[in-house]
Each structure stands twice: as structure tokens, then as C-alpha cells.
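Trainee: Please take a close look at one part of this model with me, and then walk me through its surroundings.

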Amino acid sequence: MKVSIFITCLSDLLYPEVGESVVRILSDYGCDVDFPEMQVCCGQPAFNSGYQDEAREVARGIIRAFEHSEYVVSPSGSCTGMIHHYYPHLFRDDPEWLAKAEALTAKTYEFSQFLVNVLGVVDLKAKFPHRVTYHPSCHAMRLLGVREEPMKLLRHIEGLKYEELPRKEDCCGFGGTFSVKMADMSEAMVCDKAACVCETGAEVLVGTDMGCLMNIGGRLNKEGKPVRVMHLAQVLDEGRNSR
């Protein structure tokens, strides 16, 4: 099975270790992993700001980059959601590019979604003896329908004590450009989310989107809260290596 990694801007520039964990896990489960170097931003910042022509041009670059890939896997529900939900919208009046967008959508998966639903893997034989809570990102839930996949993976980790996050489906306030345009509202939302994380008593906050984790982690750090923030792929990777 040949898998191309769509790393996303945040992981590429700020959290490359997340991509490394994804590659190690997929490789260990028999995937032939590659990294198309033509890939760029998915176009979500431009799209969310109302620049549809610019977003459309960036989307063409992503479509070209992964045109010959068998599967595309990303450690971001947000960017994967952009492809699935908005690329067909962007090219709705262009039959040629609409067909290409739909072809990309059909083979693109968020990391946990691919592990559970395509590879059929839920137990990675990982050990992670820590108290953990999980923040489900808005785009993974609402655009992709990814709800149970991360939980299935977490439940099979030996020694992990799971603590339910209060009001878990509330947005963390990041929202990409939202956090810049409406900073006061965004700050209030992330303060609420950080308080909910602390209420669980968890040592580790886990998520599937580095945008959300960066936002929540930044608030926790500002408040001096000793909560480690990790992408699900990092937890699984670290857990496998600790056995």
C-alpha cells in the first residue's frame, strides 16, 4: 500500500516530530510512504478569509501534488476537512477540476481515520502509563465525522487512564484566522477550554490537530499549568517505543 503524507503547514514548520511519528507508524504497518515535495498549504486561510480565487489556485497545487498518490494521509482533521468539504465547492463550476478534486477527496484520510478504517489497526501494542484527556477538533468531527477512531486507538493503549474532557465538543477558539480577527472572543474560548483540561487532572492533553493543540497548549503554558500536549500519533509512537 503506497501512502503519501500531506504534512500541513503547522506540522511542517512548527511540529515536524508529528510527521515523523506518522511516518514511523505507517511504515511499520507495511505502508510504502512518500512525501510529494510539490505540496503547499491546503488553502484554508485564504478560503476562510473570503479569498476564493486565491484558495482555488492553492488547491490546484495540492491536487497536482497528490494526483498520482494511491492514498493521502494527514495528521490534521482541519486540513483534511478542507479538502473533503470545500475543494468540491471551490471547483463546482469547473467540471475538469471538480473531477480531480473529488478524486483527491476519495483517497485522502486523517491519520486516525486511515489507521482504523483502512488499515484496520486499533491496537498498536503501545504502553503509555499516564492520565490523558482528549480534545476532539471541530473540523475532524463536523467535516469528516471522525469521532470514535481516536478513542478506539486510545482505549487500546496499555496503562493509559482516560479522563473525559468536560464540554469536549466546544471549540478551543483557534479557528485559524478567527483567532486573529476576533482575538478577544478567541481568548475567552481557549481560557474555558484550558480550564476544562485542568478540571480533568490529566497529565497529557491529546488531539489530532496541531492548530488546536498549539492554541490550548499556549494557554496552559501561559497559566503555568504542567500539562503535556501531544498529537495522537506522538502518543502511539512513544508508547510503542516504551515497551
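Trainee: What span should the 13 residues of helix 2 (residues 16-28) have at 1.5 Å a residue, and how far apart are its end C-alpha atoms?

Mentor: Happy to. First, the ground rules: this is a predicted model, in which local features need pLDDT of at least 70 and side-chain atom pairs count only at pLDDT 80 or more, while totals for chains, interfaces and linings use all residues. Residues are numbered from 1 along each chain as its sequence is written, and side-chain values use heavy atoms, with hydrogens and water left out.

Now to your helix. The 13 residues of helix 2 should span 18 Å at 1.5 Å a residue, and its end C-alpha atoms lie 19 Å apart, which agrees. The expected span is 1.5 Å times one less than the number of residues. Helices (H or I, at least four residues) and strands (E, at least two) are DSSP runs, numbered from the N terminus.

Helix 2 buries Val18, Gly19, Ser21, Val22, Ile25 and Leu26. These residues sit on the same side of helix 2, because they cover an arc of only 160° around the axis. That arc is taken from the directions from the helix axis to the C-beta atoms. Buried here means under 20% relative accessible area, exposed over 50%, and partly exposed in between (1.4 Å probe, protein chains only). An α-helix has 3.6 residues a turn, so residues three or four places apart point the same way. After helix 2 comes glycine 30, with a positive phi near 90°.

What does helix 2 pack on? There is an open sheet of four strands in the order 2-1-3-4, with parallel pairing. Its edge strands are strand 2 (32-34) and strand 4 (108-110), each pairing on one side only. Neighbouring strands of this sheet are turned by 30° against each other on average, direction ignored. Helix 2 packs on the sheet and touches strand 1, strand 2 and strand 3, its direction making about 175° with that of strand 1. Contact means heavy atoms within 4.5 Å, and axes are lines fitted to C-alpha atoms, for helices over the stretch in contact, with angles from 0 to 180 degrees between N-to-C directions.

Inside the sheet, strand 1 and strand 3 (residues 71-74) run parallel and are joined by three bridges, with serine 4 opposite valine 72 in strand 3. Two strands pair if DSSP finds at least two bridges between them. Helix 7 also lies across strand 1, strand 3 and strand 4, running at about 105° to strand 4.

Beyond strand 1, look at threonine 8, in the loop between strand 1 (2-5) and helix 1 (9-13). Threonine 8 has a positive phi of about 75° although it is not a glycine, and at 7% relative accessibility it counts as buried.

Methionine 210, found in helix 12, is buried at 6% relative accessibility. Leaving aside residues up to four places away in sequence, methionine 210 touches Leu10, Ser11, Tyr15, Val18 and His231; Val18 is one of the buried residues of helix 2. As for His231, histidine 231 in strand 8 stands opposite glycine 207. Strand 7 (residues 204-207) and strand 8 (residues 228-231) pair in the parallel sense over four bridges, and with helix 12 (residues 210-222) they make a right-handed β-α-β unit.

Note on methods:
Right-handed = clockwise from strand over helix to strand, strands pointing away.
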